[in-house]
Amino acid sequence: MVEKLKPCPFCGSKLVNHTRGIIGAPIVYMKCGNPECGAIVSFDNDACNLLPEKALTMWNRRADDD
């Protein structure tokens, strides 16, 4: 399981939280706590929304990762 979230890919802030909610269906999303950024990222697939650890792994993945 992923223990630590990487910083926000948009502003670099380390103030990132993950939340589970229900908006018609279960959803997992990451929110940047930087008030000047405030990016919210969710993954539109059942794998991430039913398995939060999958969403955290996806958040930590970066395009330049090997």
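This report describes the strands, a helix, an aromatic ring and the cysteines of a predicted model.

## Basis of the description

In this predicted model, local features need pLDDT of at least 70 and side-chain atom pairs count only at pLDDT 80 or more, whereas totals for chains, interfaces and linings use all residues. Residues are numbered from 1 along each chain as its sequence is written, and side-chain values use heavy atoms, with hydrogens and water left out.

The model contains an open sheet of 3 strands in the order 1-2-3, with antiparallel pairing. Strand 1 (16-22) and strand 3 (40-42) are the edge strands, each of which pairs on one side only. On average, neighbouring strands of this sheet are turned by 30° against each other, direction ignored. Strands (E, at least two residues) and helices (H or I, at least four residues) are DSSP runs numbered from the N terminus; two strands pair if DSSP finds at least two bridges between them. Axes are lines fitted to C-alpha atoms, for helices over the stretch in contact, and angles between N-to-C directions run from 0 to 180 degrees.

## Pairing within the sheet

Strand 1 and strand 2 pair in the antiparallel sense over 7 bridges. The two strands form a hairpin with 3 residues between them, and Gly-24 in the turn has a positive phi of about 85°. Arg-20 has Val-28 in strand 2 as its bridge partner, and Thr-19 stands opposite Tyr-29 in strand 2.

Strand 2 (residues 26-32) also pairs with strand 3 in the antiparallel sense, over 3 bridges. Here Met-30 stands opposite Val-41 in strand 3, while Lys-31 stands opposite Ile-40 in strand 3.

## The loop and the helix

Glu-36 lies in the loop between strand 2 and strand 3. With a relative accessible area of 78%, Glu-36 is exposed; the term exposed stands for over 50%, buried for under 20% and partly exposed for values in between (1.4 Å probe, protein chains only). The C-alpha atoms of Glu-36 and Cys-11 are separated by 8.7 Å, although these residues are 25 apart along the chain.

Helix 2 (residues 52-60) lies across strand 1, strand 2 and strand 3 and runs at about 35° to strand 2. Contact means heavy atoms within 4.5 Å.

## A charge over a ring

Arg-62 lies over the face of Trp-59, at 5.6 Å from the ring centre. A charge sits over a ring if NZ of Lys or CZ of Arg is within 6 Å of the ring centre and within 35 degrees of the ring normal.

## Cysteines

A search of the whole structure finds 0 disulfides, a disulfide being a pair of cysteine sulfur atoms within 2.5 Å. The closest cysteine sulfur to that of Cys-8 belongs to Cys-37 and is 3.8 Å away, too far for a bond. Cys-48 is likewise in no disulfide, and the nearest cysteine sulfur, that of Cys-8, is 17 Å away.

Cys-8 counts as buried at 3% relative accessibility, and Cys-48 counts as buried at 1%.
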